[in-house]
Amino acid sequence: MLSNQSADPAKRSSLHGHWSSRMAFILAVTGSAVGLGNIWRFPYVVGENGGGAFVLVYLACVIVVGMPVMMSEILMGRRGRRNPIATMALLGSEEGKSTRWSLVGAMGVLAGVLILSYYAVVGGWTLAYVFKSGVGAFANAGVAVVTSIRDDFLGSWVNLGLYHTIFMGLTIFVVARGVERGLEQAVRFMVPALLLLMVVLLGYSITSGHFAEGVAFLFTPDWSKLTWDTVLTAMGQAFFTLSIGMGAVMAYGAFLSEETSIPGSATVVAMADTAIALLAGLVIFPIVFANGLDPAVGPGLVFVTLPLAFGQMPGGVFFATIFFVLLTFAAWTSAISLMEPAVAWIMEHFSKSRAQAAVMIGGLIWVLGFGTVLSFNVLADFTFWRGTIFDNLDHLTLNIMLPLGGLLIVVFAGWVMCRNATAEELGGAGLIYKLWRVLARYVAPIGILFVFLKAIGILPELS
Ligand code: TRP
C-alpha cells in the first residue's frame, strides 16, 4: 500500500485531489459525454442506418448496457483512486484475483489515444466553421454553396491539418494545467447554452423544415433496415456518446467523494446526453428532407444542414457563430477526457509532470491525426477493410474496443469484485443495487457478447 493511502479501500483518497462538489463531478462527466458524438456523429449514423429502428436499438443500449457500464466505471474509479490501469491492477489484487486486469485499462488508454486522433480533426473542422460562420459565408447560402464550402475545406489537407493542430494545442493546454481547473466553469455555462441554441434551431426546423417527415424518420422503426452490423454500430454509438468503455469515466470517478450517489449521477448524465442527441436529430432531419438532401451522406451531414438552416434564419450569422463556438467547446471538454487516462498513466508510471505527459501524449495523438486528415483528401481512395483510415479507426475503436472494454469492465465489477465492495460504493443493497447487479452480471455482458458474435457472423442470422 502506498504511504498516502489508507488500508481501508473505502477511505482511500485520490492521488490528484477531489471534485469540489457532487455538481462538479456531474458537470465534468457531462462535459465529457456531450460532444461531437451527440451533434455530429449521432445524426449521421442514424441517417446511414435507416432511422427509427437504429434509434430505438441505440436507446435500448444506453439503458441496458450503457448505464451499468457507466456505474461500474465510476465505482471502480472511486474505489481505486488511481489511473484506470493502476486501479484495475489494485482492485484485482485486492480481490485476490489477477492484476492482469490492468490490461483492460491499457486497452482503454490506447482506445482514447486512437479516438482522439480523429476526434481532434473533427473538432478542428468545427473550429474552422466558427470563422466561416463569423464572416457570413453561410448567409443566404443554398445547398450548392454550403456543399462546396464543405468540399473545399475537406479537400485541403493543409487546412484540415491546420485546424486539427490548433484544436490539439488547445486540448494539450488544458490537460497540462490539470482537469479540475476551469473545466467546471466551462461546462456549467456551455451545456445550458448549447441546449438553448439547439432549441432555437428546433424552432427553425419546426417552422421551415419538413418536421413531420423528420420525426417519422427518427422514430418510426423500419426493422427491415436493421442488420447485426447496424446493431453493433448502435451499441458502439451508445458507448461513444456516454464516454464509456475506455476508463475516461473511471478516471473522473477517482476524484469523486464518498457521499456522492453513483446511480444518481450516472442517470443525470445519461439523460442529459441522450436529450441532446435526440434534439440534434430533431433539428437536422427536417432540414435534410426540406432541402432534398440524402440522410446517408455520412460525416459531413451536420456541416451541411446546420449552415443551411443558419443561412436562412434571421440573425443567422450571429447564431451560427455562437453555435459553432459552443460545439467547439463541447468537443474540447470531451477531448480532454479522452486524453486524461493516458496522461494520468504516464504521470504515475514514468513519474513525469502533468505538463510533460500532456505534451508527449498530445504530440503522439497529433501525428496520428494526420491519418484522418488525409482520409478526406489525398488518401480518400486508399481504402481497405471498412473504408478509409478514418472509417477503420472509427470502426475499430467505437464498435470493437469500447464495447469490449465495457464487457470486461462489467464482468470485473459484477463478477470479480465482491458483493460488499460494490454494494458499499452503490449505496447499499437496495433495489437499485439489485437491478445494477443483474444488468452488470448477466444482461450487459451477454448482450454485448451476443451482438459481437452476431456481427462477426459466428452465430447464424435468424432472418
Ligand atoms: N462522449 C464524447 C462525445 O460524444 C466523446 C468522448 C469523450 C468519449 N470521452 C470519451 C468517447 C471516452 C469514448 C470514451 O462526443
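Let's start with a charged pair: Glu425 and Arg78 form a salt bridge, with their closest N and O atoms 2.7 Å apart. This pair links distant parts of the chain, since Glu425 sits in helix α17 (residues 419–425) and Arg78 in helix α3 (residues 52–80), 347 residues apart. Both Glu425 and Arg78 are buried. Keep in mind that what you are looking at is a predicted model.

How many salt bridges does the structure hold? There are 9. In general, side chains of opposite charge can pair when their charged atoms come close. Take Asp151 and Arg150, whose side chains meet in a salt bridge at 3.1 Å, N to O. Are these two buried or exposed? Arg150 has 14% relative accessibility, so it counts as buried, because the cut-off for buried is under 20%. Asp151, at a relative accessible area of 39%, is partly exposed.

Now move to Arg386, which forms a salt bridge with Asp229; here the closest N and O atoms are 3.0 Å apart. Arg386 lies in the loop between α15 (354–375) and α16 (389–416), while Asp229 belongs to helix α10 (residues 228–241), so the pair ties together parts that are 157 residues apart in sequence. Arg386 is partly exposed, with a relative accessible area of 36%, and Asp229 is partly exposed too, at 28% relative accessibility. Elsewhere, salt bridges with shared partners join Arg78, Arg79, Glu424 and Glu425 into one network.

Stay with Asp229 for a moment, and look at what its backbone oxygen does: the side chain of Thr233 reaches that oxygen at 2.9 Å. Thr233 is also found in helix α10. With a relative accessible area of 11%, Thr233 is buried. Once its neighbours within four places in sequence are left aside, Thr233 is in contact with Val45, Asn49, Phe54 and Asn399.

Conventions
Residues are numbered from 1 along each chain as its sequence is written. This is a predicted model: local features need pLDDT of at least 70, side-chain atom pairs count only at pLDDT 80 or more; totals for chains, interfaces and linings use all residues. Side-chain values use heavy atoms; hydrogens and water are left out. A salt bridge is a side-chain nitrogen of Lys or Arg within 4 Å of a carboxyl oxygen of Asp or Glu. Helices (H or I, at least four residues) and strands (E, at least two) are DSSP runs, numbered from the N terminus. Buried means under 20% relative accessible area, exposed over 50%, partly exposed in between (1.4 Å probe, protein chains only). A polar contact is a pair of N or O atoms within 3.5 Å; within protein, one must be able to donate a hydrogen and the other to accept it, and residues adjacent in sequence count only if both atoms are side-chain atoms. Contact means heavy atoms within 4.5 Å.
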